[in-house]
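Look at the sequence and the model below.

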Amino acid sequence: MSSADDLKRKAAEAAMDYVRGIPILGVGTGSTVNHFIDFLADIKADIEGAVSSSECSTERLKKLGIPVLDLNAVGDIEIYVDGADEINPRLQLIKGGGGALTREKIIAAASRKFVCIADEGKYVDVLGRFPLPVEVIPMARSYVARQMVKLGGQPEWREGFITDNGNEILDVHNLEIMQPIEMEQTINNIPGVVTVGIFALRPADVVLLGTSEGVKTITL
Ligand code: 5RP
């Protein structure tokens, strides 16, 4: 039986078919994306640069010699490759397990195609079993936490963790997200929330799911 990490690696390898010949890529964050970055080494000579969603991915890209570009300097991006914590059949996602959700959401919004790579354990019917990450301005943490309780969730402060943007994260347990678009809008509208880790307004366009039977390509 393949381990979750083998399946992540297979999904990451499958994403190479989408990025060959594309000069500027959006690159996400996480262990699945780390495999993807390793595969990029094979084609790095053809890559003009990458827009990175975290300091961690930036460091890995730079180590390979791939230039990291400022989103402000490149305009819209052709392809964004990133992982997810949960994926539903509408290709809506929960992201932010690694805390990079804000930059990830910005790059996803600025990209023409979002290719999501993940192992099969991430595929669910309903989002919410994975605690929903919410990036908050530090002074608003308790206020936002109280609003999460009103929405039926159980917020937990990711203590000691500071995002690349200098903010904090609440991980909200016990939400059954039946209407992801509405929930994304509701949480985004709470003062003090920087970004909620629901990616439903801008879902993935393609999911490459590593399974024990091979990589499944899921589109709408
Ligand atoms: C980081 C993310 C990651 O894409 C998500 O947590 C999945 O991570 P992994 O590939 O390690 O399972 O959203 O903020």
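## His35 and its contacts

Leaving aside residues up to four places away in sequence, His35 touches Asp5, Lys8, Arg9 and Ala12. With Asp5 there is also a polar contact, side chain to side chain, at 3.0 Å. The model is a predicted one.

His35 belongs to helix α3, which covers residues 31-40. Its relative accessibility is 14%, so His35 counts as buried, the cut-off being under 20%.

## Val196 in strand β10

Strand β10 covers residues 193-196, and Val196 lies in it. Val196 has a relative accessibility of 0% and therefore counts as buried.

Which residues does Val196 touch, not counting those up to four places away in sequence? They are Leu101, Lys105, Leu132, Pro133, Val134, Glu184, Ile187 and Asn188. Pro138 is 58 residues from Val196 in sequence, and the two C-alpha atoms are 15 Å apart in space.

## Two residues with positive phi

Most residues other than glycine have a negative phi. Leu91 is not a glycine, yet its phi is positive, at about 65°. Asn174, also not a glycine, has a positive phi of about 65°.

Both residues are in loops. Leu91 sits between β4 (86-87) and β5 (93-94), while Asn174 sits between β9 (168-173) and α8 (180-188).

Is each of them buried or exposed? Leu91 counts as buried because its relative accessibility is 0%. Asn174 has a relative accessible area of 55%, so Asn174 is exposed; the cut-off for exposed is over 50%.

## The chain as a whole

The chain contains 8 helices and 13 strands. Along its principal axes, the C-alpha trace spans about 50 × 40 × 30 Å. A compact globule of 220 residues would have a radius of gyration near 17 Å, and the value for this chain is 17 Å, so the two agree.

Of the 220 residues, 53% count as buried. Take the contacts between residues at least 6 apart in sequence: 72% of them join residues at least 24 apart.

## Surface and charge

The chain exposes about 10000 Å², and 49% of this area comes from carbon and sulfur atoms.

Notes
Residues numbered from 1 in each chain as written. Predicted model: local features only at pLDDT ≥ 70, side-chain atom pairs only at ≥ 80, totals over all residues. Heavy atoms only, no water. Helix = DSSP H or I, 4+ residues; strand = E, 2+ residues; numbered from the N terminus. Rg over C-alpha atoms; globule rule 2.2 N^0.38 Å. Buried < 20%, exposed > 50% of the residue type's maximum accessible area, 1.4 Å probe, protein only. Contact = heavy atoms within 4.5 Å. Areas by Shrake-Rupley, 256 points an atom, 1.4 Å probe, with all protein chains shown as cover. Polar contact = N/O pair within 3.5 Å; in protein donor to acceptor, adjacent residues only side chain to side chain.
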